[in-house]
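Me: I'd like to learn how to read a protein model. Could you walk me through it, one feature at a time?

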Amino acid sequence: MSKNVKSAELEYDLVVVGAGPAGMAAAVRASQNKLRTLLLDEQPEVGGQIYRNITSVDARREEILGPDYSHGRTLATEVIAEAGKGSLTYWSNASAWQIDPEKTLHVLRDGRSSMVKAKAIIVATGAMERPFPVPGWTLPGVMTAGAGQILLKNAGLVPSTPVVLAGCGPLLYLIAAQYLRAGVAIKAILDTTAGTDWKLALRHARDLLTGWSYVRKGMGMLRAIKDAKVPFYRGVKGLRLEGEDALQRVRFSSGGREHTLDASVCLLHQGVVPNTQISWSLRAEHKWDEVQLCWTPVIDDWCQLSVPGIYTAGDGASIGGALVAALQGELAALGVMRQLQVKPAADLDRDGATIRAEIERHLAIRPYLNRQYRPSDEYRIPADETTVCRCEEVTAGSIREQVKLGCSGPNQTKSFSRCGMGPCQGRMCGLTVTEVIAKESGLTPQEVGYYRIRPPIKSVTLGQLAQIDE
Amino acid sequence: MVAKALFVPLAAKRGSEGAAPTVTVYFNDKPLKVPANTSLAAGLLAAGVTRFRNAPVSGTGRAPYCMMGVCYECLVEVDDVPSQQACLTRPQEGMRVRSMDDLPGLAFYDAEGRELPTPTKLFGEGK
């Protein structure tokens, strides 16, 4: 390889992966404290998914999306201001496809891969939608509620035909409220929970009071849905999406009756889960969270993974929402400053304690939300016929058969069936496969474990690999 | 496959805002005007593309599912490079996009750069 294409050595005190609330807050705090910081993100603009396009959105879209979305502008503006001043470098359209425990990153940008060295790394890759395996979920026209929101934020696009919203959780009601503000026709909302559990709400009365601002928002969304007289089905079971080449019908039962709705767009949602692809690829320790029903990386008081010098903050660490994510980003930045000894530890400890107390207040509502909107077993551990692995088209039944043959973990079922071996690298099936195996074998999800995630964690062409500077 | 778009711009619903800048991309050789300042996946959806690729096992049609880079359902061939995530790609004027109908195959060339048939000994029946 020619020597004269060798790029300047790229070295930073801190590299932050992901420019959502956690990553933006971490990068700003670190840069303000003179750490040479690189913030990189896959998208063309800062904001992550929650504040997607916040720096370029038009007034009409912003009005539809509401004040919680607009809130992200302050942080985004700070990032842009800080990036102009020298100690913060921001790379858009950049994907980290490999991160090693020695804190070297391989980053794909503008079709070229470069190597970046860091003294510390904050992984702020946020959340993704929990897989929603139901018959027909691979049909064109079936998307996640998050996808619907991104189309609205990023492109100002809304469904052209009456849309069916199915599942559970605050985001489902949020997109319904946003669509109603945008004048979009909603065919029906299919709620897979039984409705508000008042006994549960009473048990969490104190948490609900602490998190009152969240409760008020939730009630506002539900009221908007009710006022618009959107058909609302509770306790939805047996959800199936049908069609020839694309979605045509949604079938389900509710209140002991079978229903069929004609629809060509259906948005699914049953909560979000941490996107742990990078922390798994680092072989960091993870724990199965019995309440949130997902893996969370094990972190210390400063958001540091079991891999020294590598931190994770925001929804990628544990689901807490955008405000918690920003606070955790700051906390992780303080942790990095502590590690690099750029400020007296006592000052950092004091600031850290303040941030942790604030995080606690925001998280008060979570135990209630996690229980109220717990995705039901039927839609997490699906029936045999349901496709679990979208890429390789492996069904839940096939996974169960392999368990009967002696497979005790996702890496074995992967070898037997290619489940999890397609382009998404298990992102869309991993949680389901762990839970299906656990249920079938009588082991806990923790014992069953997860896929062994290996780099490249984003697709790289051979040509791009060949171009890597020495 | 281009049909009635499942997603339409907000402005079209209200008929208010001015036209956004567009670029022309070619999807399976058909010219499509798509908004310049959004992802290729969003642009193709708005232009009425309903099938982005075929599932390699069953051959059934697929289209974007997550729009945020995790599901890989929006894989398309962009300017001869296969398996590109359309939701993470910006459309460019004249961009040539193809649906991914088969598994991306290996191409073999002779010394003069002419494409050779796939060697059947290695891969079974060549196409």
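Me: Let's start with B:Arg62: which strand is it in?
Reply: Strands and helices are runs assigned by DSSP (E, at least two residues, for a strand; H or I, at least four, for a helix), numbered from the N terminus. B:Arg62 lies in strand β5 of chain B. Before we go on: this is a predicted model, so local features need pLDDT of at least 70, side-chain atom pairs count only at pLDDT 80 or more, and totals for chains, interfaces and linings use all residues. As for bookkeeping, residues are numbered from 1 along each chain as its sequence is written, chains are lettered from A and ligands numbered from 1 in the order in which they are written, and side-chain values use heavy atoms, with hydrogens and water left out.

Me: Is B:Arg62 buried or exposed?
Reply: Look at relative accessible area: under 20% is buried, over 50% is exposed, and in between is partly exposed (1.4 Å probe, protein chains only). B:Arg62 has 0%, so it counts as buried.

Me: What does B:Arg62 touch?
Reply: Contact means heavy atoms within 4.5 Å. Not counting residues up to four places away in sequence, B:Arg62 touches residues including A:Thr138, A:Pro140, A:Arg390, B:Phe52 and B:Glu73. There's also a polar contact, which is a pair of N or O atoms within 3.5 Å; within protein, one must be able to donate a hydrogen and the other to accept it, and residues adjacent in sequence count only if both atoms are side-chain atoms. The side chain of B:Arg62 makes one with the side chain of A:Glu393, at 3.1 Å.

Me: How much area do chain B and chain A bury between them?
Reply: Buried area is the accessible area (1.4 Å probe) that two parts lose on being put together, summed over both. Here that's about 3,900 Å², with 58% of it on carbon and sulfur atoms. B:Phe7, B:Leu10 and B:Tyr65 supply 22% of the area that chain B buries against chain A, more than any other three residues. The contact takes 42 residues from chain B and 52 residues from chain A.

Me: Where is A:Leu208, and what does it touch?
Reply: A:Leu208 is in helix α8 (residues 205-210) of chain A. With 13% relative accessibility, A:Leu208 counts as buried. Leaving aside neighbours within four places in sequence, A:Leu208 is in contact with A:Ala201, A:Val215, A:Ile365 and A:Tyr368.

Me: Which residues form a nonpolar patch on the surface?
Reply: A:Leu209, A:Trp212 and A:Met219 do, with about 320 Å² of accessible area together. Patch members have over 30% relative accessible area and no salt bridge; like charges are joined within 9 Å, and nonpolar side chains (Val, Leu, Ile, Met, Phe, Trp, Tyr) within 5 Å. The areas come from the Shrake-Rupley method with a 1.4 Å probe; for residues, only the protein chains shown count as cover. A:Trp212 lies in helix α9 (residues 212-227) and is partly exposed at 38%.

Me: Which residue has a positive phi although it is not a glycine?
Reply: A:Lys34 is one, with a phi of about 70°. A:Lys34 lies in the loop between α1 (21-32) and β2 (37-40) of chain A, and is exposed at 68%.

How values were computed:
Salt bridge = Lys/Arg side-chain N within 4 Å of Asp/Glu carboxyl O.
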